[in-house]
Amino acid sequence: MARITLENLSHSYLPAPSKDEDWALKPMTLTWEDGGAYALLGSSGCGKSTLLNIISGLLLPSKGRVLFGDRDMTGLSTMERNIAQVFQFPVVYDTMSVRENLAFPLKNRGLPADRIAARVAEIAEMIGMRDALDRRARGLTADAKQKISLGRGMVRQDVNAILFDEPLTVIDPHMKWELRTQLKELHRRFGHTMIYVTHDQTEALTFADQVVVMYDGRVVQAGTPQALFDAPEHTFVGYFIGSPGMNLMDARIEGAIAHIEGAQVPLPYGYGAMRGRTQLGIRPEFLSLGTGQEGLPYTIRRIEDVGHHRIIRGRVGQADVNVIVPEDQPIPADANRVIPDPAHAHVYLDDWRVNPARQERAA
Amino acid sequence: MAAVAESKGRGAALVMVLYLLFLMLPIYWLLNMSLKTNAEILGTFSLWPKNPTLANYRTILTDPSWYMGYVNSLIYVVMNTVISITVALPAAYAFSRYRFMGDKHLFFWLLTNRMAPAAVFALPFFQLYSSIGLFDTHIAVALAHCLFNVPLAVWILEGFMSGVPREIDETAYIDGYSFPRFFVKIFMPLIASGIGVAAFFCFMFSWVELLLSRTLTSVNAKPIAATMTRTVSASGLDWGVLAAAGMLTIIPGALVIWFVRNYIAKGFALGRV
Amino acid sequence: MDKPVNNRAWLLVLPVLLLVAFSAILPLMTVVNYSVQDTFGGNQFFWAGLDWFEEVIHSDRIRAALGRQILFSAIILAIEIPLGIFVALNMPKKGIWASFCLVLMALPLLIPWNVVGTIWQVFGRVDIGLLGFTLRKLGISYNYVNDAIDAWITVVVMDVWHWTSLVALLCYAGLQSIPDAYYQAARIDQASRWKVFRYIELPKMQGVLLIAVLLRFMDSFMIYTEPFVVTGGGPGNATTFLSIDLVKMAVGQFDLGPAAAFSLIYFLVILLISFVFYTVMTREKEDS
């Protein structure tokens, strides 16, 4: 087991990439600490799977290095890297029994029979297939097949890391939750580095200690779920994490004041002059409804009651703005303003968050 | 994935080169001979024609008893393909969408006709078509070839149709389509590649078959393949013309392959992968 | 997936039924008719019962032809199936080279069968054929006209040349349907090349392989034109397979009775073996 470092890594599927769009992965440097539980989050086509396949050695990166500890693994095969990976769709060996499927990776490494048997029994118990061990894999449901795939991924104990590529897509919701819990449990017990690719924020946030968010071939932010929620570094993170995501409104920033739709919003920090598209970002949790002159002009379009709170869907000018109102608070019938909580407002310049402290230093 | 493709290295390329060489050499030899005069073929042994000549091809393309062979073949092949596909389409739809009395037996019985040796049917066909005055007509050969092409077309089309979700039919009916209109406007475009593959196979088997087409014709509908056989035995050893005639029979096949090249692999698996 | 029961579907099947009945049942009836009667020319027929069947079953000539036929089909399957799989495994996966290989491989399949015969007849001749000439130059005695073994080798190689691509194309289609994830998982699991073949590729090819075996069995068992053109069934009767023998009997000697009985037995043998394949095939399908 070792720390995994990606150094100036980039990848293109084209033989001679020239434009920015030609690159599936744009240059990045990233470290995965030994024993961490990571989620790699992003919408489809953002390069998550490419990144995963580079780590496991299925794909050779166009540029940059992959280090395990201090050892350069870039050119080494999957076998030499000693990594386990579970894929999005179940991969089972149809003609083998469940037991043979689970034993397959161990057998290929020449482990003694008794150790294989013990380990297979342990894993079978974990994925809840102890009673089905002698069945042929062919006739099983997609659910069961994916559990076997998961089991095969976890059956080896000495792996450097276990990679999961959206493994729960085909599993039904109840089982999803259970398997995720078991994965966490496994992580606690054996301390493998785990990297879990998903486009589902709930999955990412419940599984991982660290979430890496990718957008358009770039890692836009890596941090704890809390950090991603509190201070999204990129508008995509703000929008992708949270339900509903962060509200973004075009704004003119002057010092510590944001001008939106003729109204003014005070900001916690003063900002210098900026060129480009400036936006004010604030999560629906930190907006409240009001009447009168305070805050921003707001038109309510719809109210959704989701049980523990209500979501107000509406607009400020042309921008869609959502507000979350706790269940016990009344909604004023004539509400026509939203009032932001300045402490949680962020300013974005061309989609990237402006860090006021750093900006002051730069200025 | 690039990495997977890389695992097939030079060994694979070598295997393919050798195999394709094995396939192409005999054909090349035929081409080589077709461009030589008989004197050169029999006189000197050479890997390529020393004095390439198109005389053999000219002989064929200017003599109606030769080139009408091609025309006859193409006529009955096209007739057969059209008939086979036309009757197979509704039948394949029935097999892929409904259960009905005796369906399984019927399907198997149809397939057994694909298994019937042409030699078994040669004589009875001859008598049957003679007695109803169809002997030596294109339609006779086309109908005879239906014996194995219709079952095959049904089988292939059924495979492709089963891949189309039944919800599409239901949606169309709800939208007020009548069956014929739905079938032509919506369903057939969906299985266009299947129709192409089935037509390809009908064309192929009708084009390459000789036993029945020779038995059922004498002059007016005589296929090119039979013309060749006769010429070999009658005019002795006109190797150059024979080779040229052979080369010309390869061309329609090559053209058809070129058109369906993107479906070949799936097509040969009859849509059942 | 349960299909609805609808007996009106028979209407859709009707055209096929009529057409095939016309071109299969009528001729077949004729054959059955002949097989139980005797004729001395003209239109006089006499009931012959099962005599012809007995004659055919006990005929040494037909037994010998059947023996040759079974041997031929067995050799053909034993060579073409493994070779076809091997070629399919080595084919490029996609791109221009894949198309190129596909087109060239399909070419022999679309050559009229007698032209296939002609090609090999010419190719193997020791005076003007590349193969025969080269072998003679190398000091290997080879003459498919006089030597039974050479004739067999020529016919077998010709069939391999003609039909291996069909097996390869079928297997290729099967291989194409395997998602990349399977190969990736196998690499993660550290499976050897042999294990990838044994546990991933072979099971996925099972369906198409059965089609390949079925088609190759049926067509090799019915082979007529190609060996007829090359060897005419000779030397002697060395390459006289069932169809060649049957046509000789029916058209050449006009022995309608025995030929008809022979036809029926021949047909039934193919049917029986094919039915076994078909049953196995559909059962495998329901399994998965």
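Begin by selecting chains B and C together: in this predicted model, the contact between them takes 83 residues from chain B and 77 residues from chain C. On the side of chain B that touches chain C, colour helix H2 (residues 10–34) of chain B, which supplies the largest share of that side with 14 residues. If you then colour the side of chain B that touches chain C by residue class, its residues divide into 71 nonpolar, seven polar and five charged.

Among the elements of chain C, helix H3 (residues 60–90) has the highest mean pLDDT, 92, whereas strand E2 (residues 45–47) has the lowest, 68. Where pLDDT is low, the predicted coordinates should not be read in detail. For the complex, the predictor gives an ipTM of 0.85 and a pTM of 0.80.

Staying in chain C, select helix H5 (residues 113–124) of chain C, whose end C-alpha atoms lie 17 Å apart; this agrees with the 16 Å that its 12 residues should span at 1.5 Å a residue. Helix H5 of chain C is mostly covered, since 12 of its 12 residues are buried, and among them you will find Trp113(C), Trp120(C) and Phe123(C), as well as Asn114(C) and Gln121(C).

Finally, move to chain A, which holds 10 helices and 22 strands, and whose C-alpha trace spans about 75 × 45 × 35 Å along its principal axes. Of the 363 residues of chain A, 41% count as buried. Among contacts in chain A between residues at least 6 apart in sequence, 66% join residues at least 24 apart.

Note on methods
Residues are numbered from 1 along each chain as its sequence is written. Chains are lettered from A and ligands numbered from 1 in the order in which they are written. This is a predicted model: local features need pLDDT of at least 70, side-chain atom pairs count only at pLDDT 80 or more; totals for chains, interfaces and linings use all residues. pLDDT is the predictor's confidence in each residue, from 0 to 100. Helices (H or I, at least four residues) and strands (E, at least two) are DSSP runs, numbered from the N terminus. Two residues are in contact if their C-beta atoms, placed from the backbone, lie within 7 Å. Ala, Val, Leu, Ile, Met, Phe, Trp, Tyr, Cys and Pro count as nonpolar, Asp, Glu, Lys and Arg as charged, and the others, Gly among them, as polar. The expected span of a helix is 1.5 Å times one less than its number of residues. A residue is buried if 20 or more other C-beta atoms lie within 10 Å of its own, exposed if 12 or fewer, and partly exposed in between; C-beta atoms are placed from the backbone.
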